[in-house]
Amino acid sequence: MSTDTLTWTPVCAASDILPNTGVCALLEGRHVAVFRVGGDQLYAIDNVDPKSGASVLSRGLVGNLGEHIVVASPLYKNHFDLRTGACIEAPEHSVRAHAVRVDEGHVVVALAP
């Protein structure tokens with residue numbers, strides 16, 4: 001799907017997200033975690049931990065497992081691939097990944113179906 005046909009929603013100023021951290025945003029009733037990795041890489045996944053139902057993934061620790069850039073859930077320590085939303089330890093607990101970019105200094109997200 002072309003990024004031109006997506007509906008982009010502003011979340012915050014790009015400078016509001018510190019490197020290697022995440023923030024949570026409520027978009028169309030969905031909790032979304034937006035992460036800034038390194039200087040300028042942005043990722044967005046669902047924020048709700050599927051095992052607990054708590055909206056906490058944006059508070060997890062960002063790192064890598066091999067070639068995967070991940071966030072570790074602060075509750076059960078499952079690792080979620082920030083590119084795809086896949087749960088490394090339990091694929092049945094995977095979350096959706098969303099398109100994210102910077103537009104005129106603001107982080108904008110397009111929700112996945």
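1. Basis. This is a predicted model, in which local features need pLDDT of at least 70, side-chain atom pairs count only at pLDDT 80 or more, and totals for chains, interfaces and linings use all residues. Residues are numbered from 1 along each chain as its sequence is written, and side-chain values use heavy atoms, with hydrogens and water left out.

2. Elements. The protein has nine strands and zero helices. Helices (H or I, at least four residues) and strands (E, at least two) are DSSP runs, numbered from the N terminus. The order from the N terminus is β-β-β-β-β-β-β-β-β. The radius of gyration is 13 Å, close to the 13 Å that the globule rule gives for 113 residues, so the protein is as compact as a globular protein of that length. That radius is taken over C-alpha atoms, and the rule is 2.2 Å times the number of residues to the power 0.38.

3. Extent. The C-alpha trace spans about 35 × 30 × 25 Å along its principal axes.

4. Of the 113 residues, 39% count as buried; buried means under 20% relative accessible area (1.4 Å probe, protein chains only). Among contacts (heavy atoms within 4.5 Å) with a separation of 6 or more, 40% join residues 24 or more positions apart.

5. Asn-47. Asn-47 sits in the loop between strand E4 (41-46) and strand E5 (61-65). Asn-47 is buried, with a relative accessible area of 0%. Not counting residues up to four places away in sequence, Asn-47 touches several residues, including Cys-24, His-31, Val-32 and Leu-57.

Key:
Buried < 20%, exposed > 50% of the residue type's maximum accessible area, 1.4 Å probe, protein only.
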